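This report examines selected local features of the structure shown below.

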Amino acid sequence: MRVYQTNEIKNIALLGSAGSGKTTLAEAMLYESGVIKRRGTIEAKNTVCDYFPVEQEYGYSVFSTVFNVEWNNKKLNIIDCPGSDDFVGGAITALNVTDQALVLINGQYGPEVGTQNLFRYTDKLKKPVIFLVNQLDSEKCDFESIIAQMKDIYGTKCVQIQYPLNTGPEFNSLIDVLLMKKYSWTPEGGAPVIEDIPEEEMERAMALHKELVEAAAENDETLMEKFFEEETLTEDEMREGIRKGLITRSIFPVFCVCAGKSMGVRRLMEFLGNVVPFVSDMPKVHNTRGQEVPADTDAPTSLYFFKTGVEPHIGEVSYFKVMSGSVKPGDDLTNADRGSKERMANIFVCAGANRQSVEQLQAGDIGCTVKLKDVKTGNTLNSKDCENRFDFIKYPNSKYSRAIKAVNEADTEKLMAALTKMRQEDPTWVVEQSKELRQTIVHGQGEFHLRTLKWRLENNEKLQVEYQEPRIPYRETITKLARADYRHKKQSGGAGQFGEVHLIIEPYAEGMPDPVSYNINGQEFKMNIKNKEVVDLDWGGKLVFINSVVGGAIDQRFMPAILKGVMERMEQGPLTGSYARDVRVVVYDGKMHPVDSNELSFMLAARNAFSEAFKNAGPKILEPIYDLEVFVPSDFMGDVMSDLQGRRALIMGMDSEAGYQKLQAKIPLKELSNYSISLSSITGGRASFTTKFASYELVPNDIQQELIKVHEAEIDGKE
């Protein structure tokens, strides 16, 4: 392969809902460009893009796949992205390192919720969009209805380049209103026959052609003036107008394809080569210091590593984009994130698992390499005198979590190493070793996402693992004032142990005044504050610790031990063993022994006094509440709301947005445990949701009593 210059390179993300035909389209593009001699199929498990065993097992794309084609002296780098919302990380990564989104619409269903979600990401990242209506040969395809839906959702920016003369099993021809030609194929596909538009279609074709000319002219003042004068544009002028409209997202061209028979694919690739923006046309990327980094071949070399794959017999395959400069085999570079030196022994361009050595890659190009020493996903390699770092990819919050453990405890360390390695391949797998919950938690985008992780651990790593429901990070607090004292006394020959602590606890709220006195059961306790310590707790909330001991009843040197005893009980709350928060503790009296008192004695006395007072202070359990947004087709809205109400959710509002309903609610984390499975079941996989932590709120009393019983049973079981 020859070395392509920056102004000859186009980077494209191939997006669409599960089942829209992306992998089949990729296969057709590779075939039409001559990269492969025979098109594979998902059923035969021999496609270029779905080459991992887990993908062939499930019949779904799990990882994004990079491939490239050469077309009309242009290089098209294309990333085929998984369609399932569970694997959205691949799509987000691809959108961040490409300059154009190709969004497939399933001809059987039209724009789906998954399509809408992906479109929102293109909007957020300001990426140009071309829509492809695929599967026109499906009996269920209603092209006119799909176009009407798209115009409802995306407005007049949706402009048809093509329309089919018929749909269903008889589909074999379309009209192209940019070229004003008819394309037709034999039933098996192959090379198209290109001819003039039939007379009976001319009126419709001319009307759509005029819409396209107007849309193209709107993006350039010179073109607009010419359009007003002559009411038409040349083919090249239309291409220029469309290209500018793509860059500003003021036009979304709509094409027709039947990827399974490779119909319309060759024409699509002509458009990609001729019209889609080059790398040099798009806005510049910024490094972590906020500086623009133009795709300039003459600048120092910076490579951003956006993906890591692990392949049998090879190990890690590291995929990168040349952000600036150029790279060739033998280049010595420095890892800006880790400080290590790396030599680029070989560089490749790839089509799935097939790699081809190249002598150089220029700014804006995408390639891969193998056997790097210390490069992880998200790292930047720089040449001498260059200090770029990039951190522009932001992934969505996790939606589904499970505690994971090795069936054989001896495999625990091996399991953690495997999880760390797999997170390099998919950064939306998040691994958390929770000290609070005493579990290893894996977070993902859905049940299928984590099921795939388990499959890979068991089949690739030969590790038997099991999932459990994660514990909920409850919090404990108090609702009223309470007083307690405790004497720790132990004598067993030699030096003994003695410490006595009297304390008052009460709920703490930000800004409340320091105590002057307390009246408890008719007895007044006056406070003489000697010092106050405010502890910002790692798990949220505060502990305010006040020393109000007078008359030397407890030496100042024992106060840190008393605080430590209180903190130990805050870390393991008296009700359920959960973290406690928002408590003010006032130590006002106590006793000590001139010989037997020590730090341990006062720590134990404080721990027990605090525990007793806590149980008498109207203790309450708090649970984490999350903000939930559900995106759902309107015909499923009633069922989704009923399900949420059964999950103790509080509906906060509903909106209609781009052809679907957006439902907002607050819901306890406990009730989100299996929500992704339930929502998929209710809606046939056509809904999606996002969550974000909101606050801690009191649990209902019946649930509190049940939680306390469970905790007491666990303690009894251990004893």
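## Serine 383

Serine 383 counts as buried because its relative accessibility is 19%; buried means under 20% relative accessible area, computed with a 1.4 Å probe on protein chains only. Serine 383 lies in the loop between β23 (380-382) and β24 (400-406). Leaving aside residues up to four places away in sequence, serine 383 touches Pro300, Thr301 and Leu333, where contact means heavy atoms within 4.5 Å.

## Basis of the model

This is a predicted model, in which local features need pLDDT of at least 70 and side-chain atom pairs count only at pLDDT 80 or more, whereas totals for chains, interfaces and linings use all residues. Residues are numbered from 1 along each chain as its sequence is written, and side-chain values use heavy atoms, with hydrogens and water left out. Helices (H or I, at least four residues) and strands (E, at least two) are DSSP runs, numbered from the N terminus.

## Packing of α1 and α9

Helix α1 (residues 22-32) packs with helix α9 (residues 265-274) at an angle of about 80°, their axes being 10 Å apart. The axes are lines fitted to C-alpha atoms over the stretch in contact, and angles run from 0 to 180 degrees between N-to-C directions. The two helices are therefore roughly perpendicular, a term for angles of 65 to 115 degrees.

From α1, the contact involves Leu25, Ala28, Met29 and Glu32; from α9, Val265, Arg266, Leu268, Met269 and Leu272. Seven of these residues are nonpolar, none polar and two charged. Here nonpolar covers Ala, Val, Leu, Ile, Met, Phe, Trp, Tyr, Cys and Pro, charged covers Asp, Glu, Lys and Arg, and polar covers the others, Gly among them.

## The β9–β10 hairpin

Strands β9 (residues 181-186) and β10 (residues 189-195) pair in the antiparallel sense over four bridges; pairing requires at least two DSSP bridges between two strands. They form a hairpin with two residues between them. Tyrosine 183 has isoleucine 194 of β10 as its bridge partner.

Key
Buried means under 20% relative accessible area, exposed over 50%, partly exposed in between (1.4 Å probe, protein chains only). Angles under 35 degrees count as roughly parallel, over 145 as roughly antiparallel, 65 to 115 as roughly perpendicular and the rest as oblique.
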